[in-house]
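Dear colleague,

I am sending you the structure that we discussed, together with a short account of what was found in it. Please read the notes below with the coordinates open beside them.

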Amino acid sequence: QVQLVESGGGLVQPGGSLRLSCVASGFTFGIYTIRWYRQAPGKEREYVAAITSLGGTNYGDSVKGRVTISRDNAKDTAYLHMNNLNEEDTAVYFCHADGPQKYWGQGTQVTVSS
């Protein structure tokens, strides 16, 4: 059974940090490009970051400099480290696997509020 399961979201104060995880199962994680997206209430889904199977990374303009994407293929897991969070980062964060097939996780809520 193919699964992508995000975790690590929660409530954080402005200026705080979070690390999101995306754990994969049921497919060959290591050959897939992994992307993170987010969707805030009433807004379209927004690209956040990507990491290729070889470790190349790319970031969306709204998070560049504050976010780091990484992966551990031995653990079938991708991570999104987010620093200096602000209220505009409040959203549901989704993990996406892009390869021979395409898979989505169900998302994890990040709320930035004082």
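This is a predicted model: local features need pLDDT of at least 70, side-chain atom pairs count only at pLDDT 80 or more; totals for chains, interfaces and linings use all residues.

An open sheet of 4 strands is present, ordered β1-β3-β8-β7 and paired in antiparallel fashion. The edges are taken by β1 (3-7) and β7; each has a single partner strand, so one side of each is left without a neighbour in the sheet. On average, neighbouring strands of this sheet are turned by 15 degrees against each other, direction ignored. In general, the strands of a sheet pair through backbone hydrogen bonds, in either a parallel or an antiparallel manner.

Two of the pairings can be followed at the level of residues. Antiparallel strands β1 and β3 are joined by 5 bridges, and L4 stands opposite A24 in β3. Between β3 and β8, which also run antiparallel, there are 6 bridges; here S21 stands opposite Y79 in β8.

The nonpolar core

The largest nonpolar core comprises 30 residues, and those that touch the most other members are L4, I34, W36, V48, L80, M82 and Y93. Two or more residues of this core come from each of β3 (18-25), β4 (33-39), β5 (46-51), β7 (67-72), β8 (77-82), β9 (91-98) and β11 (108-112).

T33 is placed in strand β4. Is T33 buried or exposed? Its relative accessible area is 17%, and T33 is therefore buried, the cut-off for that class being under 20%. Apart from neighbours within four places in sequence, T33 is in contact with I51, T52, S53, R71, H96, A97 and D98.

Aromatic residues

The count of aromatic pairs comes to 6. F27 and Y32 form one that is edge-to-face, with 4.8 Å from centre to centre and 65 degrees between the planes. Both partners are enclosed: F27 counts as buried at 12% relative accessibility, and Y32 counts as buried at 3%.

F27 also pairs with Y103. The ring centres of F27 and Y103 are 4.7 Å apart and their planes stand at 40 degrees, so this pair is tilted. It links distant parts of the chain, since F27 lies in the loop between β3 and β4 while Y103 lies in strand β10 (residues 102-104), 76 residues apart. Y103, like F27, is buried.

Elsewhere, Y37, Y47, F94 and W104 make up one aromatic cluster. W104 also has a charged group over its ring: the charged end of R45 sits there, 4.6 Å from the ring centre.

With kind regards

Technical notes
Residues are numbered from 1 along each chain as its sequence is written. Side-chain values use heavy atoms; hydrogens and water are left out. A nonpolar core is a set of buried Ala, Val, Leu, Ile, Met, Phe, Trp, Tyr and Cys residues joined through side-chain atoms within 4.5 Å. Buried means under 20% relative accessible area, exposed over 50%, partly exposed in between (1.4 Å probe, protein chains only). Two strands pair if DSSP finds at least two bridges between them. Axes are lines fitted to C-alpha atoms, for helices over the stretch in contact, and angles run from 0 to 180 degrees between N-to-C directions. Rings of Phe, Tyr and Trp (its six-membered ring) pair if their centres lie within 6.5 Å; planes under 30 degrees apart count as stacked, over 60 as edge-to-face and the rest as tilted. A charge sits over a ring if NZ of Lys or CZ of Arg is within 6 Å of the ring centre and within 35 degrees of the ring normal. Contact means heavy atoms within 4.5 Å.
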